[in-house]
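Have the viewer open and follow along.

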Amino acid sequence: MTAPLPETIRTAHARVACDGTGPGLPAALGHPRVFLQIDEHGYVDCGYCDRRFVLIGGPADGADQGELPDHPAGASI
């Protein structure tokens, strides 16, 4: 049995912010806000929560996310 994929968020922006929160998840359960840069691969993974951000129209958009390797980026606070 394979593990479920982390949440994937499609975005129109190459620079994104992640704090681990979302619908039904209060800020107290998130993580420090980090800014991530999507590069030529078309996606980036948050180093805290593994949430994946995919650039709309980029090379990873529409790809099977389970087939793509982890792609963390250096984060800044």
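## The pocket and its lining

By class, the residues lining the largest pocket split into 5 nonpolar, 4 polar and 4 charged. For that tally, Ala, Val, Leu, Ile, Met, Phe, Trp, Tyr, Cys and Pro are nonpolar, Asp, Glu, Lys and Arg are charged, and the others, Gly among them, are polar. The lining has 13 residues, and Pro6, Asp45, Asp50, Arg52 and Asp70 sit nearest the centre of the pocket. The space inside comes to about 190 Å³. A pocket here is an open set of points on a 1 Å grid over the protein atoms alone, where a 1.4 Å probe fits, with protein on both sides within 12 Å along at least five of seven lines; lining residues have an atom within 4 Å of a point. Points are joined across faces, edges and corners, and the volume is the space filled by probe spheres set on them.

Before going on, a word on the source: this is a predicted model, where local features need pLDDT of at least 70 and side-chain atom pairs count only at pLDDT 80 or more, while totals for chains, interfaces and linings use all residues. Residues are numbered from 1 along each chain as its sequence is written, and side-chain values use heavy atoms, with hydrogens and water left out.

## The chain as a whole

The chain has 0 helices and 5 strands, and along the sequence the pattern reads β-β-β-β-β. Both element types are DSSP runs numbered from the N terminus: helices are H or I with at least four residues, strands are E with at least two. Of the 77 residues, 27% are buried. Buried means under 20% relative accessible area, exposed means over 50%, and partly exposed is in between (1.4 Å probe, protein chains only).

Among contacts with a separation of 6 or more, 48% join residues 24 or more positions apart; a contact means heavy atoms within 4.5 Å.

## Two arginines in a row

Now for the stretch from the loop between β4 (43-45) and β5 (52-55) into β5 itself. Arginine 51 is in that loop, and arginine 52 is in strand β5. Are they buried or exposed? Arginine 51 is buried, at 10% relative accessible area, and arginine 52 is buried at 7%.

Where do their side chains go? The side chain of arginine 51 reaches the backbone oxygen of threonine 21 at 3.1 Å, while that of arginine 52 reaches the backbone oxygen of proline 69 at 3.3 Å. A polar contact is a pair of N or O atoms within 3.5 Å; within protein, one must be able to donate a hydrogen and the other to accept it, and residues adjacent in sequence count only if both atoms are side-chain atoms.

Leaving out residues up to four places away in sequence, arginine 51 touches a group including Cys18, Gly20, Thr21 and Cys46.

At 45% relative accessibility, aspartate 50 is partly exposed.

## Out towards the solvent side

Arginine 10 belongs to strand β1 (residues 8-11) and is exposed at 52%. Its side chain makes a polar contact with the side chain of aspartate 61 at 2.8 Å. Beyond four places in sequence, arginine 10 is in contact with Val54, Ile56 and Asp61.

Glutamate 40, in the loop between β3 (34-37) and β4, is exposed at 62%. Arginine 33, in the loop between β2 (15-18) and β3, is partly exposed at 48%.

Here are some C-alpha separations for these residues.

| Pair | Apart along the chain | C-alpha separation |
|---|---|---|
| Glutamate 40 and proline 59 | 19 residues | 7.8 Å |
| Arginine 33 and tyrosine 48 | 15 residues | 9.7 Å |
| Arginine 10 and tyrosine 43 | 33 residues | 9.0 Å |
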